[in-house]
Amino acid sequence: MSQPDSIDAVQQMLGEQGYVCGRALATVVFLSLRLGRPLFLEGEAGVGKTEIAKALASGLGRRLIRLQCYEGLDASSAVYEWNFPAQMVAIRTAEAVGGSDRKGLQEELFSGDYLIRRPLLEAMEPDPAGPPVLLIDELDRTDEPFEAFLLEALSDFQVTIPEIGTIKAPESPIVIVTSNRTREVHDALKRRCLYHWVDYPDFDRELEILHARAPEAAEALSREVVAFVQHLRTEDLFKKPGVAETIDWAKCLLALDVINLSPEVIGDTLGAILKYQDDIQKLQGSEAKRILDQAKATLEPV
């Protein structure tokens, strides 16, 4: 599938995949595709940074390759590993049959047949459908040495395997890097990318997102859910609910055949929108009713 030729086409393509985005985000996605530059998305957890990579891969008909970052992630885990158990079996087999060609065995052991391809190497290999979408998710969980390695890999889109040589991508993959900003990512890496801060949506945008992701929800319930979550984000919470929690909560309410929000329903389902016990305790008793009353007061009659 060809790449979209305008910002409006990007919005339409993402919208067809159930991802609703504003023009600012669509613009930076369009520029990333047009210029072949990595896209760095930063924002709170649950605002849709990872989902845009999934929607982009689906809309373009490309493979999505995800590198989930974590503390202690190193270059070898992100690029490749050798299949040591299979290599040991091959060595034992060669010994059993009396093989004496050590050089031939060594070349066989360190060939592509025994190479375990990790996300970065996978993203640099040719694909009939076109360059894949490489999602480097939650980069802020890693450390600075991995950032330095990643900066070099994204600059040339090539990696070196000592036993095989240098592997260079025939075409640059579409790279999306996300960060929840639990720590600052180095400026050198950010400068290599186009940058966009993904913020919580306003009421109308979040309602549109909910319609796209949970279309079976009635209009009245959807408006109450979005209004309540919007007001909940203004409270002093350890972790404010993201759009992902809004969608999850609406689906939970649908599963319970809820028609309208009430303090009792909210109390029973708080675990769908709040993930820390301290935050849940703050909404016990009259607090949930207070926020619900405030939310309903802002809603205009449909």
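In this predicted model, the largest pocket lies between domain 1 (7-72 + 120-198) and domain 2 (203-291), because both of these domains give residues to its lining. The two ranges come from the domain assignment of the protein chain, in which domain 1 is made up of 7-72 together with 120-198, while domain 2 covers 203-291.

The pocket itself has a volume of about 700 Å³, and 36 residues line it, with Tyr19, Gly46, Val47, Gly48 and Lys49 lying nearest its centre. Several elements give two or more residues to this lining, namely the helices H2 (23-35), H3 (49-60), H10 (203-213) and H12 (243-255), and the strands S2 (64-68) and S9 (194-197). The largest share comes from H12, which gives five residues to the lining. Sorted by class, the lining residues of the largest pocket are 15 nonpolar, nine polar and twelve charged.

The C-alpha centres of domain 1 and domain 2 are 30 Å apart, and across the boundary eight residues of domain 1 are in contact with nine residues of domain 2. Between them the two domains bury about 660 Å², and 58% of this area is on carbon and sulfur atoms. On the side of domain 1, the residues that lose the most area to domain 2 are Gly18, Val20 and Gly46, which together account for 61% of what that side buries.

How many salt bridges are counted between domain 1 and domain 2? The count is one. Arg213 forms a salt bridge with Glu51, and the closest N and O atoms of this pair are 3.9 Å apart.

A search of the whole structure finds 18 salt bridges. Another salt bridge joins the side chains of Arg63 and Asp127, with a distance of 3.7 Å from N to O. Arg63 lies in the loop between H3 and S2, whereas Asp127 lies in the loop between helix H7 (119-123) and strand S5 (133-137), so this pair ties together parts that are 64 residues apart in sequence. Both H3 and S2, the elements on either side of the loop that holds Arg63, are also among the elements that give two or more residues to the lining of the largest pocket.

Conventions. Residues numbered from 1 in each chain as written. Predicted model: local features only at pLDDT ≥ 70, side-chain atom pairs only at ≥ 80, totals over all residues. Heavy atoms only, no water. 1 Å grid on protein atoms, 1.4 Å probe; cavity = no way out; pocket = protein on both sides within 12 Å on 5 of 7 lines; lining within 4 Å. Points joined across faces, edges and corners; volume = space filled by probe spheres on them. Helix = DSSP H or I, 4+ residues; strand = E, 2+ residues; numbered from the N terminus. Nonpolar A, V, L, I, M, F, W, Y, C, P; charged D, E, K, R; others polar. Domains from an automatic or database assignment. Contact = heavy atoms within 4.5 Å. Buried area = accessible area lost by both parts, 1.4 Å probe. Salt bridge = Lys/Arg side-chain N within 4 Å of Asp/Glu carboxyl O.
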